[in-house]
Amino acid sequence: MLRFQTSADWTQCVLDDFDTFLLDHAACEKKASSMALAMVSHYPDKPDLVRAMIELAIEELSHYRDVFKILDRRGLALPADVKDPYVAAFRHSLRQGTEEYLLDRLLIASIIEARGHERFGLIADALEAGPLKQFYIAITRSECRHYELFLDIAKLYIPEATITARLNQLLDREAEIVSKLPLRAALH
């Protein structure tokens with residue numbers, strides 16, 4: 001689905017500074033859990049969305065716990081949260097209007113998860129056999145389910161033609177954002 005493929009240089013950058021990547025990964029999982037809970041708060045009138053976001057929040061928090069355990073074993077302390085430049089730039093694409101805002105939130109979340117799927121998969125492929133590789137294989141599978149989940153939720157509330165048209169616009173925007181990001185040991 002993505003229109004910009006991550007380079008091998010990004011993968012090498014992460015492998016060269018894996019501790020920094022792990023710290024960023026933890027922050028991403030925590031923020032993903034918070035985002036799912038924010039959707040619950042914002043859309044209490046949409047029970048299908050609420051059910052899905054509660055489950056997602058729990059899963060993302062579980063991933064956060066798992067990454068924290070890895071950090072703890074490595075003697076790394078969690079830093080203060082910082083804004084993710086990718087997510088911050090992408091959020092500028094959110095439109096106003098009840099239906100438009102809902103659609104954009106769901107599609108942007110789907111695309112962010114698709115990017116996570118791609119990049120975690122690159123990391124999983126690059127790691128040596130062992131528990132860390134298995135962890136990133138599992139995370140990659142989760143990200144795939146998540147990006148599909150957001151698309152499925154959108155289909156409950158928005159006509160498919162509207163979803164497709166807006167998804168194409170947002171995929172173009174995401175490719176533009178990612179292509180301009182500097183390489184760093186971070187998910188985005």
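**The largest pocket and its helices**

Tutor: Three helices each supply at least two residues of the lining of the largest pocket: H2 (18-42), H4 (85-91) and H5 (98-126). Helices here are DSSP runs (H or I, at least four residues), numbered from the N terminus. The model is predicted, so local features need pLDDT of at least 70 and side-chain atom pairs count only at pLDDT 80 or more, while totals for chains, interfaces and linings use all residues. Residues are numbered from 1 along each chain as its sequence is written, and side-chain values use heavy atoms, with hydrogens and water left out.

The largest pocket holds about 560 Å³ of space. Its lining has 24 residues, and Lys31, Ala32, Met35, Val87 and Ile112 are the closest to its centre. A pocket is an open set of points on a 1 Å grid over the protein atoms alone, where a 1.4 Å probe fits, with protein on both sides within 12 Å along at least five of seven lines; lining residues have an atom within 4 Å of a point. Points are joined across faces, edges and corners, and the volume is the space filled by probe spheres set on them.

H5 gives the largest share of this lining, 8 residues. By class, the lining has 12 nonpolar, 2 polar and 10 charged residues. Ala, Val, Leu, Ile, Met, Phe, Trp, Tyr, Cys and Pro count as nonpolar; Asp, Glu, Lys and Arg as charged; the others, Gly among them, as polar.

Now follow H5 to its contact with H7 (residues 160-180). Their axes come within 10 Å and cross at roughly 50°. Axes are lines fitted to C-alpha atoms, for helices over the stretch in contact, with angles from 0 to 180 degrees between N-to-C directions. The crossing is right-handed: the near helix is turned clockwise from the far one by less than a right angle.

On the H5 side, the contact (heavy atoms within 4.5 Å) includes Leu103, Leu107, Ile108 and Ile111. Among their H7 partners are Ile163, Leu167, Leu170 and Leu171. The contact of H5 with H7 has 9 nonpolar, 1 polar and 5 charged residues.
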